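Welcome! Take a moment to look over the sequence and the fold below, and then follow along as we walk through some of the details.

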Amino acid sequence: MTNNWFFLFCSLLSMGFAQGDDNLLMQYNKSPDLDAFYRKWNVDLHTQLVYGNVKEDSRAFKIDYAAGAYLQYKFSKTFALITGADYFNLRYQYQLQSNQSYDRLRYLSIPLTLRVFPSRKLLFETGLLYNHLLNAQNTEIVDLANRSNIYPSRTFKNAFGWLFAAQYNVWKRLNVSIQYRFLKKASPTLNLQKNNFEAWVLGLHFFVLNPKKKPQ
């Protein structure tokens, strides 16, 4: 008799365990997420078209380029921190009766931004930029003392800025992006040259490690 009760108890216990996972799945709607992997580290190599201008009515937007590399660190599948460097060029034209020349400014642009990944194909990015001026030149002579088209130092200055961007994965490790960024630094009111710029940026990005392939 005791053996019969023992076998009955074991049968009921095994049925309880067999139904446990099903009950959890029904109650919490959870199952193993096979797509939960992510790479903590990756490198984003990119080249970009820059359509920029001073925030003044007397200037015209012109096209230039940027290129660089970002280091990406993911805290989770959906959240990452970015830093790195861009060689960033900004070009625009004066539209004054006495001045139709072009300015071209070259910066080393260093970001500290956050990326959010709603899916593996889409990400949004925003954050701070530090723009270190490498040089600034005009298509005409602007430094009369040296007969040079390179602006004297301190005409333009290093500037902080901000960016807003979106990227979309089009094929394997390749993404395309659109970005708006601005640079802001106080400028004397009467100066023709300003330190406040904005730019629209179209980019092509290559990730060194495939973000959609599970790390080994």
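At 0% relative accessibility, Y92 counts as buried in this predicted model; buried means under 20% relative accessible area, exposed over 50% and partly exposed in between, with a 1.4 Å probe and protein chains only. F197 is buried as well, with a relative accessible area of 1%. Y92 and F197 form a tilted aromatic pair, 5.9 Å centre to centre and with 40 degrees between the planes. Rings of Phe, Tyr and Trp (its six-membered ring) pair if their centres lie within 6.5 Å; planes under 30 degrees apart count as stacked, over 60 as edge-to-face and the rest as tilted. This pair links distant parts of the chain, 105 residues apart, with Y92 in strand 3 (residues 79–94) and F197 in strand 8 (residues 197–207). Helices (H or I, at least four residues) and strands (E, at least two) are DSSP runs, numbered from the N terminus. Ring pairs also join Y92 and F197 with Y94, Y151 and F156 in a cluster.

A few notes on how to read the values: residues are numbered from 1 along each chain as its sequence is written, and side-chain values use heavy atoms, with hydrogens and water left out. Because the model is predicted, local features need pLDDT of at least 70 and side-chain atom pairs count only at pLDDT 80 or more, while totals for chains, interfaces and linings use all residues.

**The core**

Which residues of the largest nonpolar core touch the most other members? They are V50, F88, Y92, L105, Y107, F156 and F197, out of 18 residues in that core. A nonpolar core is a set of buried Ala, Val, Leu, Ile, Met, Phe, Trp, Tyr and Cys residues joined through side-chain atoms within 4.5 Å. Strand 1, strand 3, strand 4 (102–116), strand 5 (122–138) and strand 8 each supply at least two residues of this core. The largest share, four residues, comes from strand 3.

F88 has a list of contacts (heavy atoms within 4.5 Å). Not counting residues up to four places away in sequence, F88 touches V50, Y65, A66, L105, R106, Y107, S109, R181, A199 and V201. R181 from that list also lies over the face of F88. The table shows this charge over a ring together with another one; the arrangement requires NZ of Lys or CZ of Arg within 6 Å of the ring centre and within 35 degrees of the ring normal.

| Charged residue | Ring | Distance from the ring centre |
|---|---|---|
| R120 | F37 | 4.1 Å |
| R181 | F88 | 4.3 Å |

**The barrel**

Now for the overall fold. The protein chain has one helix and eight strands, and along the sequence these follow the pattern α-β-β-β-β-β-β-β-β. The eight strands make a closed barrel that runs 1-2-3-4-5-6-7-8 with antiparallel pairing. Two strands pair if DSSP finds at least two bridges between them.

Strand 5 and strand 6 run antiparallel and are joined by 10 bridges, and across this pairing L129 stands opposite G161 in strand 6. Strand 6 (residues 159–171) and strand 7 (residues 174–184) pair in the antiparallel sense over 11 bridges. In strand 7, N175 is the bridge partner of N169, and Q179 stands opposite A165. The hairpin of strand 6 and strand 7 has two residues between the strands, and K172 there takes a positive phi near 50 degrees.

How many aromatic pairs does a search of the whole structure find? The search finds 12. One of them joins W41 and Y73, a tilted pair at 4.6 Å centre to centre and 55 degrees between the planes. W41 lies in strand 1 (residues 41–54) and Y73 in strand 2, so the pair ties together parts that are 32 residues apart in sequence. W41 is partly exposed at a relative accessible area of 49%, and Y73 is partly exposed at 24%.

F75 is found in strand 2 (residues 59–76) and, at 46% relative accessibility, counts as partly exposed. F75 and W41 are 34 residues apart in sequence and 9.5 Å apart in space, C-alpha to C-alpha. Leaving aside its neighbours within four places in sequence, F75 is in contact with Y38, A80 and L81.

**The chain as a whole**

Of the 216 residues of the protein chain, 34% count as buried. Among contacts between residues at least 6 apart in sequence, 62% join residues at least 24 apart.
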